[in-house]
Amino acid sequence: MTGKGLEDVIAAQTSISDIDGKMGRLFYVGYDIHDLAPHATFEEIIHLLHDLRLPTETELDNLNEQLIAEREISPFIEDLMPTMASQTSPMSMLRTTVSAMSAYDPDGWDQSERANYRKAMRLIARFTTVVAAYDRLRNELEPVRPNPKLSHAANFLYMLKGIEPNDEDARTLDMCLVLHADHTMNASTFTARVVASTLADIHSATTAAIASLKGPLHGGANEAVMKMLLEIKDVSRAEEYIKQKLAQREKIMGFGHRVYKTEDPRATHLRRLSQQLGEQMGDTRWYEISKKIEEVVMAEKGLYPNVDFYAASVYYCLGIPVDLFTPVFAASRVAGWTAHVREQYADNRIIRPESEYIGPRGRKWQPIEERG
Ligand SMILES: CC(C)(COP(=O)(O)OP(=O)(O)OC[C@H]1O[C@@H](n2cnc3c(N)ncnc32)[C@H](O)[C@@H]1OP(=O)(O)O)[C@@H](O)C(=O)NCCC(=O)NCCS
């Protein structure tokens, strides 16, 4: 029997991303995340993950054009949005909407390599459109049409708030999207690859990945972190709050990782962004509380923060509603999911592991009236 939770099992070969858990390093197609984070745009990362190299200027222009052209959602999805906004939570909306998107995809059921590439770009382009439209509608506001002059990150903030973000906010969100775009065989990416390995379509694989990301042990942790910060409210209460939770054997959201045995390299950048944004706003409260929690969790449990911990205060300072934090994670990770799905299709074998049976054996059929 392998480790519970498939610990240490290599479930796929990939050229997309790589982690060194002992050294706390993350690479996208051979580039260190510390090199990419300050330089790359999310659009460049999309190209990197899908084409396995950074784009030339012309390639980036073409990709930008394609993504911008695909931002608008179909009338079918537009009609669905008011019901979604009034009836569902954000991640359920995303899961259902992405599933529904397959009905009117211009490439239909074409499963060719090129069609799947176009579907991937369409999915990446539209995630932010549905998330922003959902938030506008539930607040009884008109959805804002995408602005073709803005980058993917800036356009999301624009569609969400109805005003163009300043350059710092747009770049901060852009960096968050870069940091979240891919992360080897995490639960949602593995889910996407399992579905793709049956040769089910890319929308099905992406829908399943969203369902997997939704849980609090995976993408849902960023929302839980912010709820905790809001509950703590003041840095003076942080130590006691965390100690109490730990005494009750509760997990502290945003800490621990299956693979990293040291600091998650993404947390390094998000911690800095959290501090910078707080200083810009003249309110470093959420950063200060987070720092204190980090100190206490390290002293009590020896655990490091993961990607979700400082992402929470960053998104909050950007004015993103707390229950949209996980959809924002999804809006970035869809770049990785779709790249992995295409990689799986390109050299497929159905993913079908074994299980170890631990139930009773040799039982004999009993007619219903004889069962006690
Ligand atoms: C990420 C996570 C799911 C990894 O799970 P895992 O590899 O199965 O690790 P385990 O849950 O088995 O944890 C190992 C030990 O560390 C403890 N631990 C792990 N994460 C912890 C946390 N966030 N708070 C407190 N204790 C934690 C566990 O209780 C366990 O202790 P034990 O051996 O005394 O029972 C887990 O660390 C977690 O639940 N973190 C909180 C949720 C989160 O932030 N998820 C986002 C991940 S990017």
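Which residues of strand β2 (residues 25-28) form the covered face, and which form the uncovered one? In this predicted model, local features are described where pLDDT is at least 70, side-chain atom pairs are counted only at pLDDT 80 or more, and totals for chains, interfaces and linings draw on all residues. Residue numbers start from 1 along each chain as its sequence is written.

The covered face of β2 carries Leu26 and Tyr28, whereas Arg25 and Phe27 lie on the uncovered face. Helices (DSSP runs of H or I, at least four residues) and strands (runs of E, at least two) are numbered from the N terminus. Strand β2 belongs to an open sheet of three strands in the order β1-β2-β3, with antiparallel pairing; two strands are taken to pair if DSSP finds at least two bridges between them. Strands β1 and β3 are the edge strands, each pairing on one side only.

Strand β1 (residues 17-20) runs antiparallel to β2 and is joined to it by four bridges. Within this pair, Ser17 has Tyr28 as its bridge partner, and Ile19 stands opposite Leu26. Ser17 and Ile19 make up the covered face of β1, while Asp18 and Asp20 make up the uncovered one. The two strands form a hairpin with four residues between them, and Gly24 in the turn adopts a positive phi of about 70 degrees. On the other pairing of β2, two bridges link β2 in the antiparallel sense to strand β3 (residues 31-32), where Asp32 stands opposite Phe27. Two residues separate the strands of the β2 and β3 hairpin, in which Val29 takes a positive phi near 45 degrees.

The chain is divided into domain 1 (17-217 + 324-346) and domain 2 (221-317), with bounds that come from an automatic or database domain assignment. The centres of the two domains, taken over C-alpha atoms, are separated by 25 Å. Contact between the domains involves 21 residues of domain 1 and 24 residues of domain 2, two residues being in contact if their C-beta atoms, placed from the backbone, lie within 7 Å. On the side of domain 1 that touches domain 2, the elements giving two or more residues are β2, α1 (33-36), α8 (167-180) and α16 (325-346). Helix α8 gives the most to this side, with six residues. By class, this side of domain 1 comprises twelve nonpolar, six polar and three charged residues. In this classification Ala, Val, Leu, Ile, Met, Phe, Trp, Tyr, Cys and Pro count as nonpolar, Asp, Glu, Lys and Arg as charged, and the others, Gly among them, as polar.

Helix α13 (residues 265-281) and helix α14 (residues 285-301) pack at an angle of about 145 degrees, and their axes are 8 Å apart. The axes are lines fitted to C-alpha atoms, for helices over the stretch in contact, and angles run from 0 to 180 degrees between N-to-C directions. Ser274, Gln275 and Gly278 of α13 make this contact with Trp286, Tyr287 and Ser290 of α14. The contact residues comprise two nonpolar, four polar and no charged.

The ligand is surrounded by 17 residues, the closest being Ala221, Lys251, Phe255, Gly256 and Arg258; a residue is near a molecule if its C-beta atom, placed from the backbone, lies within 6 Å of it. The shell around the ligand contains seven nonpolar, six polar and four charged residues. Arg258 is located in the loop between α12 (238-247) and α13. Arg258 counts as partly exposed because 17 other C-beta atoms lie within 10 Å; the class falls between buried (20 or more other C-beta atoms within 10 Å) and exposed (12 or fewer), with C-beta atoms placed from the backbone. The C-alpha atoms of Arg258 and Asn186 are 9.2 Å apart, although 72 residues separate the two along the chain.

Pro148 is placed in the loop between α6 (113-138) and α7 (152-161). Pro148 is partly exposed because it has 13 C-beta neighbours inside 10 Å. A distance of 5.8 Å separates the C-alpha atoms of Pro148 and Ile68, which are 80 residues apart along the chain.
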